[in-house]
Amino acid sequence: MNSAIEMTDVAWRAGGSFEVKDLSLRVPTGSIYGFLGPNGSGKTTTIRMSMGMLKPDRGTIRVLGRDVPRDMPKVLARVGYVPERPHVYPALTVREQVRFHASFFRLWDAGWADELSERLGLDPERRISRMSKGETGKLLMLLALSQRPDLLVLDEPTDGLDPVVRRDVLTALLDYVSETNATVFISSHLVHELERICDWVGVMDDGRLVVELPMQAFKNGIKRIKVADAPAVPEEPPFTILSRERLNGAGSETWIVRGWQDPMRHYFDGAGIGLRDVVDLDLEEGFVELLRSSRPTPPYRS
Amino acid sequence: MFDDIDPRSPTPLYEQIAARVRMSVAAGDLGPGDALPSVRALARDLRVNPATVVQAYRDLAADGFVELRHGQGTFVQEVPTFVREEERAAQATKLVRTLLQDAARLGISVEELARALNVETGVEIRE
């Protein structure tokens, strides 16, 4: 089994205008897969389908080698899920919630739950209704990790948490991954956070998966390049031009390109275009440029 | 040793980690038999994917800088003087390349850079 999550030609429609179209996604086993996309792009919908909470209209979904939603109970026993909205009971205390949650999982590690609780500074007697967002975030991660899952599915697990709590929660996650090689499927708006920990990236926009690549390939493949003497229509470049912007001076332009590799510098000599500079982009810049160009816009922006 | 690891850099994190270790060995800050942090501890400290640390340590082992002793950890190897010198030279080249690239972007000539270097270091540098 090389994929922890495999979705093939999945489609889903809410009835309104929003739909997920032709979604094929693959989370390699043992990877930490960062799932990016703007609000409303379909990340949470996709995650909920992978957890059997929404049934796709078309396509197949396999999680940990099993059919979803058909084999969902067996899948859920091995998946730690932190949903977008907390699934805990406000009237319970931390201790009660942990005990309640534990009763569903055969592999529950009570010793580790206690250790995590202490490390994350959670008070077992505290009532959930009185907890801050940060404390709730810690509790959700504790619940997901203590069931000793093979796969963690985390929908914005650090959303709205302060930097100190975020660090505690991520450290707990990385400790678990170090020990078990579990797969992690994580969505977040905090792109720099994902840039540190992820080795795969998938980007959603408007219900489609725009790109899915190893982190390094994604980052190194998108560049901002400065060219001189740019023709209106460049002759079959070996890369994809995502956007072009005119600079001052005749034929001077900035291009954002995708699929870049360094030997492609030679293309410019043959094409009679001057290559002035190749600038690296970090994950956030690459992500923003990719989204800007994945939407129908004219090739030039002003 | 790992203070300036930069996840936003185009250089992969495992390469950055391996480079820091090689440089520490070259500088003599790490000697034969010294233990590197465990994968778990370093992943946790740097908040990076454990697989990234594993990759860095594997590359270092392939280059002969460290030895992976199963179940015990990762230990610095005896590295010949000429390899350490090569490593320092490689790092120096890399720094200069970065400097030249940045200068080119700002339109600063090599002569201007050389003059600034002379002033800053107080050493007359010429070929």
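Here are a few friendly notes on how the parts of this predicted model touch one another.

1. Before you start: residues are numbered from 1 along each chain as its sequence is written, and chains are lettered from A and ligands numbered from 1 in the order in which they are written. In this predicted model, local features need pLDDT of at least 70 and side-chain atom pairs count only at pLDDT 80 or more, while totals for chains, interfaces and linings use all residues.

2. Look at two helices of chain A, H5 (residues 133–146) and H6 (residues 163–180). Helices here are DSSP runs of H or I with at least four residues, strands are E runs of at least two, and both are numbered from the N terminus. The axes of H5(A) and H6(A) come within 10 Å and cross at roughly 5°; axes are lines fitted to C-alpha atoms, for helices over the stretch in contact, with angles from 0 to 180 degrees between N-to-C directions. That crossing makes H5(A) roughly parallel to H6(A) (angles under 35 degrees count as roughly parallel).

3. Who makes this contact? Gly137(A) and Met141(A) are among the H5(A) residues, and Ala172(A) and Tyr176(A) are among those of H6(A). Contact requires C-beta atoms, placed from the backbone, within 7 Å.

4. Now the two chains: their contact takes 21 residues from chain A and 14 residues from chain B. On the side of chain A that touches chain B, H6(A) gives the most, with eight residues. Helix H7 (191–197), helix H8 (215–221) and strand E14 (274–280) of chain A are among the elements giving two or more.

Note on methods: Angles under 35 degrees count as roughly parallel, over 145 as roughly antiparallel, 65 to 115 as roughly perpendicular and the rest as oblique.
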